[in-house]
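Open the structure in your viewer and keep the selection tool at hand. We will walk through it stop by stop.

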Amino acid sequence: MQALEWFVSKHGVDIDGFGPKQIELFLELGWVTDMASIYDLRDYRDEFLQIEGYKEKSVDNLLNAIEEKRMLPIDRFIGALGIP
C-alpha cells in the first residue's frame, strides 16, 4: 500500500483527489492490484457510483485526474516508481 500511496502522491505522479482512503477502498474491492491497474479504474465507473459517498462529479473528477497523469515525463515517472 505504501508504494501505491507514494505513486499517486504529490511526490509521485500527483493524482489530485487520490489518497490513502481511495487506495484502501480500491484494494479491498480488487480494482487496484498494482500501479498499472490505477489506469484501469475507468472500467469500474458504474460500480464506483454505487459506493456510498461517491457522486458522479467526484468520480468523474478522480477518473479525469488519473487520465491527465497517463503521460508523464520519464524522470517524473521513474521517481513515482520510487527509483532515485
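Which are the buried residues of α4? Select Val-59, Leu-62, Leu-63, Ala-65 and Ile-66: these are the ones, where buried means under 20% relative accessible area, exposed over 50% and partly exposed in between, with a 1.4 Å probe and protein chains only. Seen down the axis of α4, these buried residues fall within an arc of 155°, so they line one face of the helix; the arc is that of the directions from the helix axis to the C-beta atoms.

Before moving on, two notes on what you are viewing. This is a predicted model, in which local features need pLDDT of at least 70 and side-chain atom pairs count only at pLDDT 80 or more, while totals for chains, interfaces and linings use all residues. Residues are numbered from 1 along each chain as its sequence is written, and side-chain values use heavy atoms, with hydrogens and water left out.

The face turned away from its buried side carries the exposed residues Lys-57 and Glu-68. On the buried side, the residues pack against α2 and α3. Helices here are DSSP runs (H or I, at least four residues), numbered from the N terminus.

Now pick Phe-18. Leaving aside neighbours within four places in sequence, its contacts (heavy atoms within 4.5 Å) include Val-8, Ile-23 and Leu-62.

The last stop is the aromatic rings. Rings of Phe, Tyr and Trp (its six-membered ring) pair if their centres lie within 6.5 Å; planes under 30 degrees apart count as stacked, over 60 as edge-to-face and the rest as tilted. The whole structure has eight aromatic pairs. Phe-7 sits in helix α1 and Tyr-39 in the loop between α2 and α3 (45-49), 32 residues apart. Both Phe-7 and Tyr-39 are buried. Then try Trp-31 and Tyr-44, which are stacked at 4.8 Å centre to centre, with 10° between the planes. Trp-31 is buried, with a relative accessible area of 10%, whereas Tyr-44 is partly exposed at 26%.

Definitions and conventions
Helix = DSSP H or I, 4+ residues; strand = E, 2+ residues; numbered from the N terminus.
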